[in-house]
Amino acid sequence: IYYVNKNSIVKHGLKPNYKVKYISNIFIGIWQQLTSKYVFYDHGFYRFTVKQNKKQITLNTWHGTPLKNIGYLKGDKPTVGYAQNFTYLISPSPFYDNVFKKAFGAADHQILKSGYPRNDSFYSQKDKKTSFFKKKNVKVALWLPTYRVSDENKLYDSKLSFPILRENNFEKLNSFLIEKNIIIILKPHPFMKIPDFIKESKNFKIISNDFMTENKLELNDLYIESDCLITDYSSVYFDYLLLDKPIIFTIEDFNEYGNKRGFVVDNPLTIMPGVKVNSFDPFINELSKIGNEVDLFIKEREKINKLANEYH
């Protein structure tokens, strides 16, 4: 039974079948959560499930290996302790066992040392789809920035709305991409607003969650067909490490972001295995290296991948 927003059911045409039943009624949803043997969730916390039904198994899969602070680490003060809301919590490594225990107050017996099931597709050839954006002799850079400002969700982790790009350099980027035969696929965070001057073009694609659903694409499909990742403080790069491809980190607002949101380690730069750029010219310079297949961070990625993804 899949509990989902009614608008999503209508928008994406989700049809019940013998395997999956979709519900959107909040009262039916609560009843199903209280009476189901197993409950899985990856975001937020359901504060009545474990406490009310001792026989129920509730699994918190979470939605990414954290670099930025979460839970108690960012100062949350829930009315009910986080660890009371799940039987088990998935972790990808011993290092993150400890991070999750601090962030959610979890005990050792609640940590499920499995890695993330979503990444199993990296190891299964039959699950790999044909390339959607990748063309012959074209390099693909996948850009996955985290949100910085979200008025809708009252999140203000930085004054900067979008990294690196400005109205006076966006056209220069487009010209550069055409010259170097590089395509950027920008997939913004759902909370994020894209500045008006950033427009889709032949070599700069902007895709949404709806686009992904309509074309039956998973994020892992884009990971697999891309040649490098562009990100910042998003957890996506930990999954991407499993593919051992170059990563460009845009850290223009590193100090401000760290002061406002904070990170799970004292010096996050030490676990970000890739080149760090904080302005436009170094950014396109590093992109040109990707086009020339220059990779100077192989050993560093291997080290951090072992630290963050031991259970894979």
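## Ser91 and its strand

Ser91 sits across from Lys113 of strand 6. The two strands here, strand 5 (residues 88-91) and strand 6, run parallel and share 3 bridges; to count as a pair, two strands need at least two DSSP bridges between them. Strands (E, at least two residues) and helices (H or I, at least four) are DSSP runs, numbered from the N terminus.

This is a predicted model, where local features need pLDDT of at least 70 and side-chain atom pairs count only at pLDDT 80 or more, while totals for chains, interfaces and linings use all residues. Numbering starts from 1 along each chain as its sequence is written, and side-chain values use heavy atoms, with hydrogens and water left out.

Zoom out, and you get an open sheet of 4 strands, ordered 3-4-5-6 with parallel pairing. Strand 3 (38-41) and strand 6 (111-113) are the edges: each has a single partner strand, so one side of each has no neighbour in the sheet. From one strand to the next, the twist averages 25°.

Helix 4 (residues 94-104) packs on this sheet and touches strand 4 (57-60), strand 5 and strand 6. Touching, or contact, means heavy atoms within 4.5 Å. The helix 4 direction makes about 140° with that of strand 5; axes are lines fitted to C-alpha atoms, for helices over the stretch in contact, and angles run from 0 to 180 degrees between N-to-C directions.

## Phe27 out in the open

Is Phe27 buried or exposed? Phe27 is exposed, because its relative accessible area is 64% and exposed means over 50% (buried is under 20%, partly exposed in between; 1.4 Å probe, protein chains only). You'll find Phe27 in helix 2.
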